[in-house]
Amino acid sequence: MGKLLIVGTVAFDAIETPFGETDKILGGAATFISLAATQFNVDSAIVSVVGEDFPQEYLDLLANKNIDISSLEVVKGGKTFFWKGKYHNDLNTRDTLVTELNVLADFLPVVPENYKNSDIVMLGNLHPSVQMNVINQMTEKPKLIVLDTMNFWMDNALDELINVIKHVDVITINDEEARQLTNEYSLVKAAAKIQEMGPKYVVIKKGEHGALLFYKENIFFAPALPLEEVFDPTGAGDTFAGGFTGYLAQTENISFENLKNAIIHGSNLASFCVERFGTERMQNLDKEEINNRLLQFKKLTQFDIELQ
Ligand code: AMP
């Protein structure tokens, strides 16, 4: 069993979709990542920060799933990071209406002693200098460092972001963000440019159109499962990252072949995430439904063609 260190926001989200809207509910990149990773046989810990307004019930939810939250700092008198987003009718695109950094603005992460030798480090979405600070605290070189980010940090902390990208093995990024980061429309060219910036592997997420994994001159594609019910895509990218890194930490194998399987596990878990608002669907998933969907993935993509 490998050790997985997770960094990212733990947040309040307010979400508007064509199907309804929510008030402040549990969200945040590290929340979705860690919930997805609990589906694997791994030890995981979150490094993050919340304010005093963050309900004990949410902390218990994470702790009861055996996620180590000893380095989830609670700032006395502070307010939790808040994000509000509104999805367009296609559910693939959204506008950020509000980003309030609150306690995240002055956050100094502290990696727990027993996670300084983690096998996999998942740097979820948050300030790139916090992501870099976490890398610097590792006492042993992790087998794999994975970074996720978003346009907000490209707009607000580009130099720090470029610096942390130099130090990671894998980057997961959505298609529009890959284009923004590289000024390339072609995702193949964008991925090549990102590889030149540091990461050996580039994962480009395309929402309901699946995900691409680039490694040297190889490209692997995983579709997203066509679903009857898509309710709220929030957290799908983070759930993907949690499934991806959770599986890699469990198997302790970071070969390209195994990264392909990790992409499928990530896509599989993300397909559940979008079926309800926020983290609701991820809180009570069982192994049987996960395995059934993995079989659907296999069926969807397997074919046996003979060359003429
Ligand atoms: P995703 O839908 O996977 O891109 O992630 C959505 C989650 O990211 C939400 O739960 C938000 O709380 C969180 N989030 C939104 N904006 C940011 C940001 N600028 N930095 C870190 N996390 C964010």
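## The second largest pocket

The lining of the second largest pocket divides into 6 nonpolar, 3 polar and 1 charged residue. Here Ala, Val, Leu, Ile, Met, Phe, Trp, Tyr, Cys and Pro count as nonpolar, Asp, Glu, Lys and Arg as charged, and the others, Gly among them, as polar. The model is predicted: local features need pLDDT of at least 70, side-chain atom pairs count only at pLDDT 80 or more, and totals for chains, interfaces and linings use all residues. Residues are numbered from 1 along each chain as its sequence is written, and side-chain values use heavy atoms, with hydrogens and water left out.

About 230 Å³ of space lies in this pocket. A pocket is an open set of points on a 1 Å grid over the protein atoms alone, where a 1.4 Å probe fits, with protein on both sides within 12 Å along at least five of seven lines; lining residues have an atom within 4 Å of a point. The volume is the space filled by probe spheres set on the points, which are joined across faces, edges and corners. Among the lining residues are F220, F221, N291 and K298. β15 (218–222) and α11 (287–301) each give two or more residues to the lining. The largest share, 6 residues, comes from α11. Helices (H or I, at least four residues) and strands (E, at least two) are DSSP runs, numbered from the N terminus.

## Around the ligand

The ligand has 19 residues around it, and D13, G28, R94, G235 and D238 come nearest. To be near, a residue needs a heavy atom within 4 Å of the molecule. This shell divides into 9 nonpolar, 7 polar and 3 charged residues. α8 gives the most, with 3 residues.

Now the polar contacts, pairs of N or O atoms within 3.5 Å. A polar side-chain atom of D238 lies 2.7 Å from a ligand oxygen atom. For R94, a polar side-chain atom lies 2.9 Å from a ligand oxygen atom. G237 uses a backbone N or O atom, 3.1 Å from an oxygen atom of the ligand. The protein covers 94% of the 500 Å² of accessible area that the ligand has on its own. That area comes from the Shrake-Rupley method with a 1.4 Å probe.

## Strand pairing

β2 pairs with β8 (residues 82–87) in the parallel sense, over 5 bridges. Strands pair if DSSP finds at least two bridges between them. I15 has G85 in β8 as its bridge partner.

β8 also pairs with β9 (residues 94–100), in the antiparallel sense over 6 bridges. K86 has D95 in β9 as its bridge partner. β8 and β9 form a hairpin with 6 residues between them. In the turn, L91 has a positive phi of about 65 degrees.

Note on methods. Polar contact = N/O pair within 3.5 Å; in protein donor to acceptor, adjacent residues only side chain to side chain.
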